[in-house]
Number of protein chains: 2
Amino acid sequence: MARRGDTIELAVLGLLHEGPMHGYELRKRLNLMLGWGRLLSYGSLYPALKKMLRNGLIEETVPSGPQTRRQRIVYKVTEAGTNEFERLMSEVGPAAWEDDNFDIRFRFFSSTDMEIRLRVLEGRRSRLQERLDRVQRELSMTQKEADRYAAELQRHGVESVEREVRWLSDLINAERGVPLQDGRPETSQSSKPSEKLPEAPTTSATS
Amino acid sequence: MARRGDTIELAVLGLLHEGPMHGYELRKRLNLMLGWGRLLSYGSLYPALKKMLRNGLIEETVPSGPQTRRQRIVYKVTEAGTNEFERLMSEVGPAAWEDDNFDIRFRFFSSTDMEIRLRVLEGRRSRLQERLDRVQRELSMTQKEADRYAAELQRHGVESVEREVRWLSDLINAERGVPLQDGRPETSQSSKPSEKLPEAPTTSATS
DNA sequence: GTTAGCATGTAAGGAGTTACATGATTTT
DNA sequence: AAAATCATGTAACTCCTTACATGCTAAC
């Protein structure tokens, strides 16, 4: 389970956990956090919502009060939905450290406990590290890329992934409660996540 | 035209331009440059090659010399393929600055002239800038994101895109022949592409 | 001899985008 | 009055991934 397709589901469950919402609103929020890349289309959001309705993960209510705007369908999580959300969030396998999937999970990290958080963070880090190693290894076997643009692309790519790895390391240290950690002094100006963000409510919302 | 699906086609044409190759080899190289993300599967490469064969963009030859390994099918570009490659590379519309598409184009920048390069680079930069503006605007409307992880994700996302924008700016300056440019002094340690990489062979390889 | 890597393919299925379709409400 | 934004949805299509299927060669 937890294949790529469950990404939207996880995100929707997480967002609805913060309060009932209608589709349009959901899409806007999703686009704000989803990968900074492509936008989520209605053509994939609404069918996903219908599917979740069928599976009983969410409920729809059409508010009959004074309608400011057009009829809006407000969704909220059911108990089954909460269970499913917790189940999905506690999956720590490879699927959990895929790009989009990781971002969503991270966004809702407050809903899991530290153990899960650490596993996901470390999983993602080692996945990125592998990628880096593989590229660097294969790069040394091939000739030094005569083309300047190809070389620049490669350099930039490696640098980006390295930054990402440092970011993850900082987060892992913060989770473990390491206040600032010495680290390698030359790269110490890397990121330093907002505060320290260690300890956090271990309670997963079981309302 | 130039929808998402043409990305593989463009990449294959570009690579074969640097010399004939068989599928397995092609895949390896593609994976080295393609987005640093997901790997390209055989299930999408081989069908793509077949399609290009049908369209006459490439030719296959089974080398009958001493076979070290198993039978390998070596592909090379046809004249039609070269034309198509040049046509694709000179498209400067929005599709050209999509993530993967941009990377591929950049990789083969040597095959186009500076005007095209500048348009693609600037297009991508403004696309990223838009994204940044939209997020920052919507962020100021919503409350300040109470959740620490949500906030951290946002911060990191913004920072990454900002870095990308600086990278593109440096490249644009380099293209224009600006040696180092003053810029804002605090962010001057940003990237500085390998050399200056201005001028480049305007000749597109016409076999 | 058996595992690992080279090498090429096909079939089924999933996920999401594009384009279409509709209509209310608010702002200019 | 027009344009923009809110709001929900469907159908067709494209693309890619997964899993399967095959078989050679090199290394252990």
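The buried residues of α6(A) are covered by a set of elements that includes α4 (79–89), α5 (99–107) and α7 (148–175) of chain A, along with α2 (23–33) and α7 (148–175) of chain B. Contact here means heavy atoms within 4.5 Å, and buried means under 20% relative accessible area, with over 50% counted as exposed and anything in between as partly exposed (1.4 Å probe, protein chains only). This is a predicted model, in which local features need pLDDT of at least 70 and side-chain atom pairs count only at pLDDT 80 or more, while totals for chains, interfaces and linings use all residues. Residues are numbered from 1 along each chain as its sequence is written, chains are lettered from A and ligands numbered from 1 in the order in which they are written, and side-chain values use heavy atoms, leaving out hydrogens and water.

The buried set in α6(A) takes in Ile116(A), Leu118(A), Val120(A), Leu121(A), Leu128(A), Leu132(A) and Val135(A), among others. As for length, helix α6 of chain A has 28 residues (114–141) and should span 40 Å at 1.5 Å a residue; the end C-alpha atoms sit 41 Å apart, which agrees. The expected span is 1.5 Å times one less than the number of residues.

Zooming out, chain A has 7 helices and 3 strands, laid out along the sequence as α-β-α-α-β-β-α-α-α-α. Helices (H or I, at least four residues) and strands (E, at least two) are DSSP runs, numbered from the N terminus. Of the 207 residues of chain A, 46% count as buried.

The strands pair up through β3(A) (residues 74–77), with pairing taken as at least two DSSP bridges. β1(A) (residues 21–22) runs antiparallel to β3(A) with 2 bridges, and β2(A) (residues 58–61) is also antiparallel to β3(A), with 4 bridges. Val74(A) is the bridge partner of His22(A) and of Thr61(A).

Chain A splits into domain 1 (6–107) and domain 2 (113–187), with bounds from an automatic or database domain assignment. Between them they bury about 970 Å², 70% of it on carbon and sulfur atoms. Val92(A), Trp97(A) and Phe102(A) supply 59% of the area that domain 1 buries against domain 2, more than any other three residues. Buried area is the accessible area (1.4 Å probe) that two parts lose on being put together, summed over both. In terms of contacts, 9 residues of domain 1 meet 11 residues of domain 2.
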